[in-house]
Amino acid sequence: MSVFRSALACGALLAALPLFAHHELRAEFDEHKPLTLRGIVTRFDWNNPHALLYVDVQDANGAIADWAVEWASPLDLRKAGWSRDVVKVGDSVTVEGWPARDGSKLISGKVLKLASGKQLSDAPESEAASKSGKAKPTPRWPDGHPRLGLVPGETGYWASPSAASLVETTAGAIRMDNNGLLVNLSDAGKVAPFQPWAQGLYEYRQRTLLKDDPMLSCLPAAGPRMFQVPHGVQFLEQPERKRIFVMAGGGNRNWRLIYLDGRALPQSEDVTPTYWGYSSGHWEGDTLVVESNAFGERFWFSNGGLPHTEALHLTEKFSRPDFSTLRYEVTVNDPGTYTRPWSSSWTLGWVADQEIQEYFCQDNSKDEPHMVGPAAAPAGR
């Protein structure tokens, strides 16, 4: 069997780029050098954060090499029609994908073709939000406040954000992929009112294809990023205890606590900064307004690598204009990073009749040694 370059068009690959919870694919794999492998399956690991398929491939000289093929998480693969037993040891398969930038025998799989003729894609369908000809009204608590979470007797969660990253509301349309990677690096200065050092760091993270993303080390996607990453969020409301838990489906049972008892935010000298910070909220009509501070610096508070300091203060607004829509608005105030406060907003859709599934990013993590980024910034990026 031979290893040969696939004729897949790069433009089509970029259009089909899936959203990965764990990292930006292009920091590890080179989409400009698509590769096709034909071989025999030796192992299939059905684990988070990525399923891994191992294939023995024979080259033109008759030598056999063991290749590893990385796929999306089982949570995403199921949505694309996969199952744990879709392939077995000894099966003959053809794989199309992107090779690892570091030259190792690892590729990011895009298409799997079985000997039976069945073909499976790595790109999962996006989580479908509820749709109907007539929008259902906003569910409410007895006191009249909107329910941000579940209605008794139903299941569901919020997912499919309408924006990939924090971008200032007045910036206009800025093209980027689902991980916040800009199509044109020249747009960087439009994203937010950066201080010079912050724009330089943001552009560096963009040039290196987000290879230093702390999510690669399983750190939380805190701040607004909680509402941008895959696998959704859920609100667990406890009005009798004047608090709300926000549960993240995208990693390691992460959760955030919002107090509704009127307490003041802590002063910086009183607390140790954390990933999730401290949050105090109150209702203004049908809108939950939440003030948060005391954030640490070790996480990225948005897709795309926007920087922040421990001076970060967030003002978030949550509203549910109808049953299937959650509107999220945030004002960022970080005088250590930005020249002035600025705002962004997007919506999430309700995924009905499903529960958030468990996802642990460190179960089978093999990516970090391969996260080398590009040798040089591609032209136009």
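Which residue in the turn of the hairpin formed by β3 and β4 has a positive phi?

Modeller: That residue is Gly 62. Its phi is about 90 degrees. Five residues lie between β3 and β4 in this hairpin. Keep in mind that the model is predicted.

Now look at the two strands themselves. Strand β3 covers residues 52-58, and strand β4 covers residues 64-70. They pair in the antiparallel sense, over seven bridges.

Next, turn to β2, which covers residues 35-45. β2 and β3 also run antiparallel, and five bridges join them. Here Phe 44 has Leu 53 as its bridge partner in β3. These two strands form a hairpin as well, with six residues between them. So β3 takes part in a hairpin with β2 and in a hairpin with β4, because DSSP finds at least two bridges between paired strands. Is β3 enclosed or open? Five of its seven residues are buried, so the rest of the structure largely encloses β3.

That is the close look. Now for the setting. The protein has four helices and 16 strands. Of its 381 residues, 52% count as buried. Take the contacts between residues at least 6 apart in sequence: 63% of them join residues at least 24 apart.

Ser 292 lies in strand β13, residues 287-293. Its relative accessibility is 0%, so Ser 292 counts as buried. Its side chain makes a polar contact of 2.6 Å with the side chain of Ser 279. Beyond four places in sequence, Ser 292 touches several residues, including Arg 256, Leu 265, Tyr 278 and Glu 316.

Then there is helix α4, residues 196-207. It has 12 residues, which should span 16 Å at 1.5 Å a residue. The end C-alpha atoms are 16 Å apart, so the span agrees. Its buried residues are Ala 198, Tyr 202, Glu 203, Arg 205 and Gln 206. They cover an arc of only 160 degrees around the axis, which puts them on the same side of α4. Among what covers these buried residues is α3, residues 188-191.

Some other residues have a positive phi too. Just after α4, Leu 209 has one of about 60 degrees. Leu 210 also takes a positive phi of about 60 degrees, although it is not a glycine. Leu 210 sits in the loop between α4 and β9. With a relative accessible area of 2%, Leu 210 is buried. Ser 160 is not a glycine either, and its positive phi is about 55 degrees. You will find Ser 160 in the loop between β8 and α3. At 30% relative accessibility, Ser 160 counts as partly exposed.

Last, how far can you trust the picture? The average pLDDT is 87, and 86% of the residues score at least 70. But pLDDT stays under 50 over residues 1-22. It also stays under 50 over residues 376-381. Where pLDDT is low, the predicted coordinates should not be read in detail. The model has 73 contacts beyond four places in sequence for residues 1-22, and 11 such contacts for residues 376-381.

Conventions
Residues numbered from 1 in each chain as written. Predicted model: local features only at pLDDT ≥ 70, side-chain atom pairs only at ≥ 80, totals over all residues. Heavy atoms only, no water. pLDDT = per-residue confidence, 0-100. Contact = heavy atoms within 4.5 Å. Buried < 20%, exposed > 50% of the residue type's maximum accessible area, 1.4 Å probe, protein only. Polar contact = N/O pair within 3.5 Å; in protein donor to acceptor, adjacent residues only side chain to side chain. Expected span 1.5 Å × (residues − 1). Arc of directions from axis to C-beta.
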